[in-house]
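Please look over the sequence and the structure shown below.

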Amino acid sequence: MATERKPLAERAAWQALQKHHQQIAGKHLRDLFAADPARGERYTAEAAGIFLDYSKNRIDDETLKLLLQLAEESGVAERRDAMFSGEKINITENRAVLHVALRAPKGEKILVDGEDQVALVHEVLEKMAGFSEKIRSGEWKGYTGKPIKNIVNIGIGGSDLGPVMAYEALKHYTQRDLTFRFVSNVDGTDFAEAVIDLSADETLFLVASKTFTTLETMTNAHSARTWALASLKEDAAIAKHFVAISTNAKEVAKFGIDTANMFGFWDWVGGRYSMDSAIGLSTMLAIGPDNFYDLLSGFHEMDVHFKSTPFEKNLPVLLGLLTVWYADFFNAQTVAILPYEQYLKRFPAYLQQLTMESNGKHVTLEGATVNYETGPIYWGEPGTNGQHSFYQLIHQGTRLIPCDFIGFFKTLNPLGRHHDMLMANVFAQAEALAFGKTADQVKAEGVPENLVPHKVFEGNRPSNVILADKLTPALLGKLVALYEHAVFTQGAIWNIDSFDQWGVELGKVLATRILGELEAEKEPAAGHDSSTNALIQKYRVSK
């Protein structure tokens with residue numbers, strides 16, 4: 001991992017790609033397909049139950065050869081192997097990066113500082129499973145003797161986005177006599193609306209904060225405590241209605257939570273990579289331990305694929321390389337994630353944190369300022385809703401927006417022609433983006449001359465189509481791991497630390513300082529810029 005490498009822009013493959021881009025940028029996908037009748041079959045890859053069609057990308061065999069060469073020159077395999085072996089590749093925090101250990105089968109070993117992390121993971125998983133069975137069966141009783149009917153997860157960032165996404169994605173598999181709510185925003189409305197129709201004596205709060213000091217999470221947790229005690233009265237009730245996902249036993253006990261009901265995790269788990277750790281307790285409560293273990297097995301299957309498959313057929317590597325190709329050579333600033341599956345409605349939001357918190361970096365591992373683009377903006381909505389919203393810009397706008405379409409051969413809710421119509425739209429949108437409609441084709445339809453320019457579709461808009469059989473817990477694990485490792489691939493090529501997030505710190509520090517100034521009895525000193533000072537003053541006199 002310590003191999004000395006040339007800066008990215010000086011690598012042979014990078015420079016060759018710059019020249020190659022000049023040659024291929026003017027080629028249209030219509031011509032690329034016409035020149036290669038088998039293109040749609042050749043530019044595909046399949047593994048772990050996921051099929052990837054990447055034929056509608058602005059690439060040819062030379063592009064792929066050079067991108068794969070770039071991965072080799074950038075040490076992607078070396079860095080990948082270092083991650084899997086427990087090396088501390090998060091260099092700014094001197095931490096291992098071992099979300100892969102969260103789903104490693106029992107009996108595997110991954111050592112960090114001489115200690116087997118997989119064994120520790122399975123201890124927590126078994127504890128989670130025992131607790132989940134007690135809640136789901138009604139054996140666990142609240143303070144007044146009633147079983148728990150409502151579960152409220154309190155967290156933020158990865159302690160919220162993963163659990164929310166997983167709950168929505170796997171709702172088909174949930175125990176329907178349990179109600180799940182999620183609170184993250186420090187805006188009091190989030191908490192108020194989450195509990196407005198709940199009874200405290202049937203409600204369990206999961207407080208997810210590694211340090212048990214996260215400002216937003218603990219503000220909401222203390223509001224939840226106050227809300228529960230308004231009905232339950234006795235402090236002793238807290239131990240029956242709150243559990244902690246944390247490593248700070250002292251603060252957990254101080255809050256009133258029995259530390260026997262504290263579920264831990266490790267500093268090698270980044271928040272955005274933690275949905276399959278104890279942070280996923282709400283997921284296990286919702287879908288049950290067996291389904292949760294299936295989720296983990298799906299993650300692991302994609303891990304094995306990423307670790308062992310040659311790059312030319314490696315799904316995460318191919319996705320990662322294509323993202324680099326568009327971001328750095330076509331100046332594409334965004335990637336659209338378009339799941340044609342209503343259960344995946346929160347998947348784009350989940351990927352926003354995974355991708356942009358990981359690769360939104362402006363310096364290399366060595367601390368040098370980069371001279372190339374990193375971390376494109378990820379965004380999206382489920383189909384077909386997005387088609388009646390922002391697809392206009394993707395089809396006929398001036399920006400190049402690579403798209404990932406995600407679809408399934410089978411639906412979990414068969415209803416007439418619905419699923420055929422849904423999937424017809426997946427294939428139609430990818431085709432329309434790639435091939436468009438020429439002026440001659442528009443004229444042949446009898447369109448008046450003055451309207452022809454408005455009805456021309458340039459096409460040549462790239463997309464991937466990702467297909468699987470149906471959305472199951474295992475498939476969700478595979479899909480998340482697919483993007484985790486694609487993000488890893490990008491970061492390795494860009495030579496950045498994908499596993500720290502110092503960019504969130506400055507705003508937190510300033511917010512804490514300003515909070516004191518907003519709440520101070522006396523007028524605070526004007527210690528900011530003129531705009532911030534004026535805003536603070538306006539708020540103080542208006543609240």
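In which helix is the place of serine 159? Serine 159 is found in helix 7, which covers residues 158-169. The model is a predicted one, and the values given here are computed from it. At a relative accessibility of 12%, serine 159 counts as buried, because the cut-off for buried is under 20%. Leaving out residues up to four places away in sequence, serine 159 touches Asn153, Ala208 and Ile279.

Glutamine 353 belongs to helix 15 (residues 347-359). Its relative accessible area is 11%, so glutamine 353 is buried. When neighbours within four places in sequence are set aside, the residues in contact with glutamine 353 are Gly157, Gly158, Leu161, Arg272 and Ser358. Of these, Gly158 and Leu161 fall within the range of helix 7, residues 158-169.

Now consider the chain as a whole. It has 22 helices and 13 strands. The C-alpha trace spans about 75 × 60 × 60 Å along its principal axes. A compact globule of 543 residues would have a radius of gyration near 24 Å, and the chain has 25 Å, so the value agrees with that expectation. Of the 543 residues, 54% count as buried. The accessible surface comes to about 23,700 Å², and carbon and sulfur atoms account for 52% of it. Contacts across the sequence can be summarised too: among those between residues at least 6 apart, 74% join residues at least 24 apart.

The aromatic rings give particular cases of pairing across the sequence. How many aromatic pairs does a search of the whole structure find? The search finds 26. One of them is formed by tryptophan 14 and phenylalanine 329, with 4.7 Å between the ring centres and 50 degrees between the planes, and it is classed as tilted. This pair links distant parts of the chain, since tryptophan 14 is in helix 1 (residues 12-24) and phenylalanine 329 is in helix 14 (residues 315-329), 315 residues apart. Both partners are buried: tryptophan 14 has a relative accessible area of 4%, and phenylalanine 329 has 9%.

A second pair joins phenylalanine 306 and phenylalanine 488. It is edge-to-face, at 5.9 Å centre to centre and 80 degrees between the planes. Phenylalanine 306 lies in helix 13 (residues 289-308) and phenylalanine 488 in helix 20 (residues 473-494), so this pair ties together parts that are 182 residues apart in sequence. Phenylalanine 306 is buried, with a relative accessible area of 0%, and phenylalanine 488 is buried as well, at 2%.

Tryptophan 14 and phenylalanine 329 are also members of one aromatic cluster, together with Trp325, Tyr326, Phe330 and Tyr372.

Which ring does the charged end of lysine 240 sit over? That ring belongs to tryptophan 140, and the charged end is 4.9 Å from its centre.

Technical notes:
Residues numbered from 1 in each chain as written. Predicted model: local features only at pLDDT ≥ 70, side-chain atom pairs only at ≥ 80, totals over all residues. Heavy atoms only, no water. Phe/Tyr/Trp six-rings, centres within 6.5 Å; stacked < 30°, edge-to-face > 60°. Helix = DSSP H or I, 4+ residues; strand = E, 2+ residues; numbered from the N terminus. Buried < 20%, exposed > 50% of the residue type's maximum accessible area, 1.4 Å probe, protein only. Lys NZ or Arg CZ within 6 Å of the ring centre and 35° of its normal. Contact = heavy atoms within 4.5 Å. Rg over C-alpha atoms; globule rule 2.2 N^0.38 Å. Areas by Shrake-Rupley, 256 points an atom, 1.4 Å probe, with all protein chains shown as cover.
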